[in-house]
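Biologist: I am new to this structure and would be grateful for a close look at its salt bridges. Please take me through selected pairs in one connected account.

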Amino acid sequence: MAELKGKRVDFTPLHLELKEFYGEQDFKARDFNEFCSNELEKRVNDDMSSFTQKGIQYETIAELCPVALFKNSSFYYEIGTMSSLCNGHGENASTAKVQGLVHPGGWVYRRNKHLFIDVDPVLYKKSRSEFYEWSADYGDPRFHKAFNMEPALTKGLKGVYEDVKSRITDECTEKERDFLENMCKGLLAMKTISEKFSKRAKEMLKTATDEAEIKRLERIAEAAARTPWEVPQNFWEALNAVFFLDKVMGGLEGVAIETMGRLDCLLNPFYEKDIENGVITREKAYDLIAEFLLTWDAHHNHERNIGMITQEGATYTLGGCDKEGNPVFNEMTKMFLEATSEHKIINPKIMCRYSASSPKEYIDLLNHDVLRGTSTIQYQNDDAFIPALLKIGVELPDANNYHLLGCWEPAIENATNEHCTYMYLLKIFERSIYNDSTHEEIKILPIEDAKSFEEVYDITIQNFRTVLEYKFNATYKGRAVWEQVDPLMLVSSAMSSCLDKKKDCTGGGAKYQIDDQIFAGVPNVVDSLLVIKELCFDKKVCTLKELLSAVKNNWEGAEDLRKQALGCSFWGDEKEVSGKMMGSLVHDLYEICDTLPCLYDGKVAVGFMLFLEVFREAKHLRATPDGRRNFEHFARGLTPSGLHQINSPTSLINSLKYVDSSEVAGNSAINLTLPFTPAHKDVFSAFVKTTADSAAEAVQINCVTKETLLDARKHPENYCDLVIRVCGYSARFVTLDERIQDDIISRNFYTI
């Protein structure tokens, strides 16, 4: 890490001030939600369109929100409408009310969500299934969302507003005019909020006595009167604009803005201009970045035991290439990584794009903390992922400019990505074994009477197709209701395609409509198919019915057969038979998804990953032919099953050569637990570069030993800084629920 010289900043007063504020904010947010929601009820009626209702929501929140400034903070961003852990969405999450995530930004949705049922009660009832899930109703476009920061930073919200106004012509239909005019209300609401910060700073200046505080308040009073309505004039204003847009957008729109975008691309031009003009030094820019990150991190209490609650938070992307394909590695990239390391930042989460051509200095920066037991980044492989985006129709400049949000999900500018729609392939496969599916309309065919392995495989694929077609037919019809329920006009304002089409992103305005279909349990399905092939049809150790009988009995009385099953080929063992089985399954899923009906002529992007749902779903999954017993965990993403020990990490990387990553545009995740230490710096760097030549897309690496983790459970006081990449998020190991700790300890520990 680079050594920064100059006067260092003591952020302790800021940390204490923010800790006190966010410790009380949950209660204040609940009170404000009740107050603001009651006021909204007085201002709208059922005859108003959803666009008009949302416009009134924007204006009302902006009018009533109690903006907060901090004595020790350089930034203005906190509108006081949401709880500390709320980033905009929450009213559909199972823990929403417990965590206080309900806020007035979701008021229009709550008021209109009955339409999902009213429009087609039968479809709504049938749309649910044990085999898949989606956030909220027909997939929730508010749950994980990206907002394109670039227009606001390059032409200001005023420029965006003028673009919208220019579309309001005599040729507009009544609906188009309604849409565009209420979009303008949303943009003006953001201007109102910014001006409230300026007014608040002037009020605080009347009683401020500390020289540093006075200087900060004077700066905010001047800047907030015009930015981000006007184009930011310097690096600080641009950095603050990112903060402001993320927080205020979530509060007004009622969406989880899960990414701040590509911060090194967005901010570096402002930094370079300030350096050239002598406005800022590297040290001062670094301090602002550190304060920016520490402020986000202060929303979370990392000392408390988080149990099964995830440390969700904002994300941002670094590295990769620009729209023209040129490598991105600049001073912003370096400083964000350096500040994260120095100040031990866990949130926001960093998504780090890399490729085989990435500079070694960049890779070494990514690896620095991971090698020391602090894994807070995701390695995202451009060489595998960009071709996948191109294959589903994303144009090259847009594909090159992708970033990531949430846990692993891709975000494309001018695109509506529907995330968090899991399909449990292992559960579908399990039902084909036990032949007891309870869904009236989804008919799962049994495999026990198959006369060949090819027939077993064909039935398996047919079952997957049946569930996918059922789900997407429901999605196609049901998701069209979203525009009537809760249009996202502020999000749409930054999409040029929405302005050109004069349509909301929930109503077909996006340039790209992409449904990410995420499949779970795939490695266990592959391993089960390999066992059936080898034991029942190749070696004829037993009949298919005999094998399935042992499985149905949870392997009781069949330990020898289970031992043979565990001795069969499995995903990640580097063998051709297992690699081709995975490759065939991935390809067949891609082929099915390529034919599915999508709203607004969209495309389905195949992905492989799983969040904490693995714990819930495992409780209902019975034994399978791969050797799993009843209710044991199953594999996440394309990570090999924990039933097998794989000694070398290159075995998995070599296995991935059989998978066509260009067919996986929804992203795929692999978890690697490696024994590298700082002494292995160059070896680890070379290994990361090696993964770029494989089908690995999202790579989550922990450099830790099992012995360390076991000792951390016994002596947690000695491991407060041991930060583990769990599954799409990072957390201090000692604060995790015991079930999550067990899962991490049970993972494959590779050797070198």
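Predicted model: local features only at pLDDT ≥ 70, side-chain atom pairs only at ≥ 80, totals over all residues.

Modeller: Asp486 counts as buried, at 0% relative accessibility. Its salt-bridge partner is Lys54, and the closest N and O atoms of the two are 2.8 Å apart. This pair links distant parts of the chain, 432 residues apart: Asp486 lies in the loop between helix 19 (482-485) and helix 20 (489-493), and Lys54 belongs to helix 2 (residues 50-64). Lys54 is likewise buried, with a relative accessibility of 0%.

A second pair, Lys391 and Glu663, forms a salt bridge at 3.8 Å, N to O. Lys391 is partly exposed at 37% relative accessibility, whereas Glu663 is buried at 6%. Elsewhere, salt bridges with shared partners connect Glu130, Glu430, Arg431, Asp436 and Arg622 in one network.

The side chains of Lys28 and Glu24 also meet in a salt bridge, at 3.8 Å from N to O. These two residues are four apart in helix 1 (residues 12-43), so about one helical turn separates them. Lys28 is partly exposed, with 41% relative accessible area, and Glu24 is partly exposed with 39%.

In total, the count comes to 53 salt bridges. Over residues 2-7, however, the pLDDT is below 50.

How values were computed: Residues numbered from 1 in each chain as written. Heavy atoms only, no water. pLDDT = per-residue confidence, 0-100. Contact = heavy atoms within 4.5 Å. Salt bridge = Lys/Arg side-chain N within 4 Å of Asp/Glu carboxyl O. Buried < 20%, exposed > 50% of the residue type's maximum accessible area, 1.4 Å probe, protein only.
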